[in-house]
Amino acid sequence: MRRRVLPGFGISLGYALAYLGLIVLLPLAALAWKASGIGVEGLLRLLSSPRTLAALRLSVVGAVVAALVNAVVGLLVGWVLVRYRFPGRRLFDALVDLPFALPTAVAGIALTTLYAPNGWLGQWLEPLGIKVAYTPLGVFVAMVFVGFPFVVRTLQPVLSSLERDVEEAAESLGAQRWQTFFRVILPMLAPALLTGFALALARAVGEYGSVIFIAGNIPMRSEIAPLLIVQKLEQFDYAGAAALGVAMLTISFVLLVLVSLLQRWSHRWQERSL
Amino acid sequence: MKKSILVLLVAIGVLLTAAAAAKDVSLLNVSYDPTRELYRQINTAFAAQWKAQHGDSVTIQMSHGGSGKQARSVVDGLPADVVTLSLAYDIDAIADRGLLAKDWQKKLPDNATPYTSTIVFLVRKGNPKGIKDWGDLVRPGIQVVTPNPKSSGGARWNFLAAWGYALKQPGGSDATAKAYVMELFKHVPVLDTGARGATNTFVQRGIGDVLIAWENEALLAQRQLGNNAFEIVVPSITIVAEPPVAVVDSNVDKHGTRAVAQAYVEFLYSPQGQEIAAKNFYRPRSPELSARYASQFPVTHTFTLSDLFGDWRQAQAKFFNDGGVFDQLGVGS
């Protein structure tokens, strides 16, 4: 074996794998084992029921759209925080982490207080015919809230290491502003942006605590998939709950694989554009 | 070396004897959400009584949460000595795992339910929509707030109260009852996951014209919010909500706490325990205390679960399990 600079490869690899197995794989295996109690037929019946499909659709589509919005807005916020100097910048920077720190139930109640028909924002939106609380739109708002910090925080280090002279070089070579952004800056940010997107997405798909207060929870309309799991548990149907959990995990896994494929493609894009 | 080990052993022995003489007993009562106030007072009173009678101090630890979630915790190993939940179905589930006898509900008087409540309506001040009875809830334009019976034990009592009303009308049958609750749930704009959430939606968010609630929760909300912003309407007929209690056999045997746990649940039936229940807006079982607190609890026609629905296993299977009546209503679609 080639000599490495740092010793202890074997022991650290072993430790990493054991830890990963204990913290991640073991609970997942237990989940799969519990879910197997439902059987193939039961699983098909569960997954083909219109209510399950509606809830999965709301959770997945809501999370994807929320993560897209977070990617765009997060890029903007990250850019502003890194590039511009203005009074209160550090305060704003600290505020970004708030959705991480806030207990999700508190976030849900706060959002509902704002967007309910008698809330600060809700009372102005209601006459315009825009209902946020107790509708799928409310679910989306909560998902945006909990996913927001991921994009900003993954982008910030990359943004600060982005040299300004690259932009200046592009400009001096005659690039338009949009060309500088799309052909120079974006390719360099894409991998980190996609990581942030994936994290925000994963968080929103499984989000329960904050969504539940603002969702309204009407079956077929504003009921999220994690709520169906809770309802299964209420009837002590552990196998059904675990099976739904496995279904959600599978969907999330497929989405994350897609994101990582995009990421590899974006690396190539980055290399090409350099 | 040997000497020091000996000293250590003696020290441990002395400590153990001291501990045995003082006998600090500790109990864990696993309960549902809205009983916090009630059990804080019960625990203080019981500890004082136990100390006076036996000289031992007893500390009672509480765990509160949704009834179903609490039952699952006990099934999964939370070492509860006593469970005090919102419906018998949740304790049945613990019994199914062999932690207590299947006939637990016969081991204490009154279906193992020392206090009861009933299902009433909370309406806004002055009752602007003129809501008097269950029939008014399905009038056009009326919005009703009630939690989801699939995720809230308390809400299952609400559902059965509505069903029982429709069943007891002239010509009432399962078909008319189903038509009534189907119409009722079309008037529900928000299905919160628990009773407190529904109260919040109605009180804080201003959603809906009427909240279907447990009487004790409605009285508590009315007292805490003061300023007479809400009124309680007692419908012509409603269900007796029975939140039962039980000693968890296998846990008390393991902890050696059977005697004190048994005394604790029996204390709930004592005049003192009944009075504390009444003060916390639960209807006492004792006729004497019922009479004393009569002004707090208006008289209405009631039916019990066993009058109309058999036991909780049957009610749960028929109405609330997947594919049951509630799912057949097509709420939302």
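In the predicted model, helix α3(B) passes helix α4(B) in a right-handed crossing. Helix α3 covers residues 67-75 of chain B, and helix α4 covers residues 88-96 of chain B. Their axes lie 9 Å apart. The packing angle is about 15 degrees. Angles under 35 degrees count as roughly parallel, and α3(B) and α4(B) are therefore roughly parallel to each other.

Named residues make up this helix contact. From α3(B) come S67(B), G68(B), A71(B), V74(B) and V75(B). They meet D90(B), I91(B), A93(B) and I94(B) of α4(B). By class, the residues of this contact are six nonpolar, two polar and one charged.

Chain B also holds an open sheet of four strands. The strand order is β2-β1-β3-β9 (chain B), and the pairing is mixed. Strands β2 (58-65) and β9 (245-247) of chain B form the edges, each pairing on one side only. From one strand to the next, the twist averages 20 degrees.

Within the sheet, strand β1 (residues 25-32) of chain B pairs with strand β3 (residues 82-84) of chain B. The two run in the parallel sense, and three bridges link them. One residue pair can be named here: S31(B) has T84(B), in β3(B), as its bridge partner. Helix α2 (residues 36-54) of chain B packs on the sheet. Helix α2 of chain B touches β1 and β2 of chain B. The direction of this helix makes about 165 degrees with that of β2(B).

Several totals describe chain B as a whole. Its secondary structure comes to 16 helices and 11 strands. The C-alpha trace of chain B spans about 85 × 45 × 35 Å along its principal axes. Chain B has 333 residues, of which 45% count as buried. Contacts in chain B between residues at least 6 apart in sequence were also examined; 72% of them join residues at least 24 apart.

Chain B also touches chain A. The contact takes 20 residues from chain A and 21 residues from chain B. On the side of chain A, the elements that give two or more residues are α11 (211-215) and α12 (225-234) of chain A. Of the elements on that side, α12(A) gives the most, with five residues. The side of chain A that touches chain B has 12 nonpolar, six polar and two charged residues.

Note on methods. Residues numbered from 1 in each chain as written. Chains lettered and ligands numbered in written order. Predicted model: local features only at pLDDT ≥ 70, side-chain atom pairs only at ≥ 80, totals over all residues. Axes fitted to C-alpha atoms, helices over the stretch in contact; angles between N-to-C directions. Parallel < 35°, antiparallel > 145°, perpendicular 65-115°, else oblique. Left-handed = near helix turned anticlockwise from the far one by under 90°. Contact = placed C-beta atoms within 7 Å. Nonpolar A, V, L, I, M, F, W, Y, C, P; charged D, E, K, R; others polar. Pairing = 2+ DSSP bridges. Buried ≥ 20, exposed ≤ 12 C-beta atoms within 10 Å, placed from the backbone.
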